[in-house]
Amino acid sequence: MFRLLFISLLFPSALALNVPSITLKNAAVPGITMQAMGIGTFGYASHPGQKAEYWNNSVTATAVSAWLKAGGRRIDTAYDYRGEAGVGMAVLHQTEVHRSEIFITSKVGGLPPGYNDTLEQFQEILTQMNLTYVDLLLIHWPGPLPLKSSDPKCKLISGSDKECRQSSWLALEKIFKSGGAKAIGVSNFEQNHIQDILDLKSLVPSVNQIEYHPYWHEDGLVEFCQNHSIAVNSYAPLGTPDWGPDHRDWNSTILDLPVVKEIAKAHSKSPAQILLRWAWQKNILLNPRTWNDDHMAENLNIFDFELSDDEWKQIASVPKPATPKVCPDPHLIK
Ligand SMILES: NC(=O)c1ccc[n+]([C@@H]2O[C@H](COP(=O)([O-])OP(=O)(O)OC[C@H]3O[C@@H](n4cnc5c(N)ncnc54)[C@H](OP(=O)(O)O)[C@@H]3O)[C@@H](O)[C@H]2O)c1
């Protein structure tokens, strides 16, 4: 016990040993693993009573540094986020954890910009972060796109965006094959969007990052992905509790639901830990955003207990608000 404490104090990274991983399949370097718990880096940061600000480079760098010290090894960012350079700063301005132990996900988009623009945007991602590769690169959104694209297949919104999705995917394949990303995947893709990629009869995505929490859980989509060996990564796993009431009709955040609080009490865990564990029990990877050290420690500590099937179902069947989704609904994308 004392030995473990001593090792943990000397090497905080030892704490990370308790975090399980999933081995990525499909378009991934053979054997590459992705830890169950990462940190998200898009959204707001605020102290009680103060105006919230976006996770800019400085907030992001501070949070990611703290995350690495706490034993976290995976970081989720995107071209579209305001703190991507901050991720690179935090990773490069520390010497305790080697880059090879850190797993960085980034995403091209906003929305898929097509073949050449994807390649260009990826170079910008590496330049912003001052890195030579990312571990996982995703297409952020299946389309359509208000972004300008030089790809004629990505003309704005007429019928289906299938060709544009496929074009962007082929650019990701090129990046993967040239070593710029150790794995490639998609985000916010529904079954029909994934089918468009499967129709190419080329590489299959290794990951699909989707919104997943008790108010919005597409279990059919999760099953479809897992049947195709596509790992599922949840975003907004806590339902983005700091997203203000102006944005939605929720009477309660998911963290405050009585059933979540009761189950938390029964397991001597926090409501956040119950929600994270709830998704992990379906093998869903997580990256809750936090800049709070205590929350980081909590989020890394969900692997020593289990929810019963009945508890899982109670949480899954909580009454849903009229607008249960945090982010826009990709079902609208054809
Ligand atoms: N692919 C996509 O389209 C997409 C879309 C949305 C998000 N994402 C990714 O997914 C990440 C997570 O989603 P999100 O940021 O929307 O929301 P989220 O992780 O569901 O919620 C973040 C909020 O939860 C709080 N929190 C975190 N851990 C907590 C704990 N243990 N106890 C209590 N509160 C806790 C944080 O506050 P404190 O800072 O005070 O802890 C913050 O206010 C994003 O940051 C981003 O990386 C991807």
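This is a predicted model: local features need pLDDT of at least 70, side-chain atom pairs count only at pLDDT 80 or more; totals for chains, interfaces and linings use all residues.
Mentor: Start with two helices. In H2, Asn 57, Ser 58, Thr 60, Ala 61, Val 64, Ser 65 and Leu 68 meet Ala 85, Gly 86, Val 87, Met 89 and Ala 90 of H3. By class, this contact of H2 with H3 has seven nonpolar, five polar and no charged residues.

Trainee: What makes Gly 86 of H3 part of the contact with H2?

Mentor: The test uses C-beta atoms placed from the backbone, and the cut-off is within 7 Å. Gly 86 is listed among the H3 residues that meet H2. In the classes, Gly counts as polar.

Trainee: At what angle do H2 and H3 pack, and how far apart are their axes?

Mentor: Helix H2 (residues 57-70) and helix H3 (residues 84-92) pack at about 40°, with their axes 7 Å apart. Roughly parallel needs an angle under 35 degrees, and roughly perpendicular needs 65 to 115. The crossing of H2 past H3 is right-handed.

Trainee: Why is H4 called oblique to H5?

Mentor: Helix H4 (residues 115-129) packs against helix H5 (residues 162-177) at about 45°, and the axes are 8 Å apart. That angle makes H4 oblique to H5. Here too the crossing is right-handed.

Trainee: Which residues of H4 and H5 meet?

Mentor: From H4 come Tyr 115, Thr 118, Leu 119 and Phe 122. From H5 come Ser 167, Ser 168, Leu 170, Ala 171, Leu 172, Lys 174 and Ile 175. By class, the contact of H4 with H5 has seven nonpolar, three polar and one charged residues.

Trainee: Why is H8 called roughly perpendicular to H9?

Mentor: Helix H8 (residues 258-267) and helix H9 (residues 271-280) pack at about 95°, with axes 8 Å apart. The range for roughly perpendicular is 65 to 115 degrees. The angle of about 95° falls inside, so H8 is roughly perpendicular to H9. Val 260, Lys 261, Ile 263, Ala 264 and His 267 of H8 make the contact with Pro 271, Ile 274 and Leu 275 of H9. Its classes are six nonpolar, one polar and one charged.

Trainee: Which residues are closest to the ligand?

Mentor: Gly 40, Tyr 235, Ala 272, Arg 289 and Thr 290 are the closest of the 29 residues that surround the ligand. Helix H10 (residues 293-299) gives the most to this shell, with three residues. The shell divides into ten nonpolar, 15 polar and four charged residues.

Notes
Residues are numbered from 1 along each chain as its sequence is written. Axes are lines fitted to C-alpha atoms, for helices over the stretch in contact, and angles run from 0 to 180 degrees between N-to-C directions. Helices (H or I, at least four residues) and strands (E, at least two) are DSSP runs, numbered from the N terminus. Angles under 35 degrees count as roughly parallel, over 145 as roughly antiparallel, 65 to 115 as roughly perpendicular and the rest as oblique. A crossing is left-handed if the near helix is turned anticlockwise from the far one by less than a right angle, and right-handed if clockwise. A residue is near a molecule or strand if its C-beta atom, placed from the backbone, lies within 6 Å of it.
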